[in-house]
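Look at the structure first, then read on.

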Amino acid sequence: MTKITWKEIETTTGGISPCARSSHGISFVEKNGGASTPRLVLFGGEATARTPLTKHESTWIADLIKNDNNEEEHWKWRPLVSSESDNTSTIMPPPRVAHSQAVVDEKVYIFGGRCGIEIGEKGLND
């Protein structure tokens, strides 16, 4: 039988962090290949019932940072936003609630969910 040990990793004190939310998704992306550090990807959710967060509040990344002694770790949060003026190929999916998400080869895939109060919306797969 495999023994699992839990360890709480604190967030950076004094830094920015995402707002409290529900109906969101969070994925762990391991360090291998392109990612320089393990990270969490937080996407979507709602702070008010059945109302998705705005695109500027919706997506956050937490990088796992090791201290100088390379032993203690902490999460450092940063918002992930895309603007039309940033010359990158990043296309952000629309914010939503009650979706599913999964990681495959360091990419986060988002399935379903709602973009508003209406339940009968078209399929959302990003």
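C115 is partly exposed, with 31% relative accessible area. C19 falls in that class too, at 32% relative accessibility. The classes are set as follows: buried is under 20% relative accessible area, exposed is over 50%, and partly exposed is in between (1.4 Å probe, protein chains only). How many disulfides are there? The count is zero. A disulfide here is a pair of cysteine sulfur atoms within 2.5 Å.

This is a predicted model: local features need pLDDT of at least 70, side-chain atom pairs count only at pLDDT 80 or more, and totals for chains, interfaces and linings use all residues. Residues are numbered from 1 along each chain as its sequence is written, and side-chain values use heavy atoms, with hydrogens and water left out.

**Salt bridges**

Side chains of opposite charge can pair when their charged atoms come close. A salt bridge is counted when a side-chain nitrogen of Lys or Arg is within 4 Å of a carboxyl oxygen of Asp or Glu. The search of the whole structure finds three salt bridges.

| Pair | N to O distance |
|---|---|
| E73 and K7 | 3.8 Å |
| R39 and D63 | 3.1 Å |
| D63 and R78 | 2.9 Å |

Take E73 and K7, whose side chains meet in a salt bridge. E73 lies in strand β6 (residues 73-79) and K7 in the segment before β1 (25-29), so the pair ties together parts that are 66 residues apart in sequence. Strands are DSSP runs (E, at least two residues), numbered from the N terminus. E73 is partly exposed, at 22% relative accessible area. K7 is exposed, at 54%.

Now turn to R39, which forms a salt bridge with D63. This pair links distant parts of the chain: R39 is in strand β2 (residues 39-43), D63 is in strand β5 (residues 59-66), and they are 24 residues apart. D63 counts as buried, at 10% relative accessibility.

D63 also meets R78 in a salt bridge. Again the pair links distant parts of the chain, with D63 in strand β5 and R78 in strand β6, 15 residues apart. R78 counts as partly exposed, with 34% relative accessibility.

Which residues are linked in a network of salt bridges? They are R39, D63 and R78.

Methods:
Helices (H or I, at least four residues) and strands (E, at least two) are DSSP runs, numbered from the N terminus.
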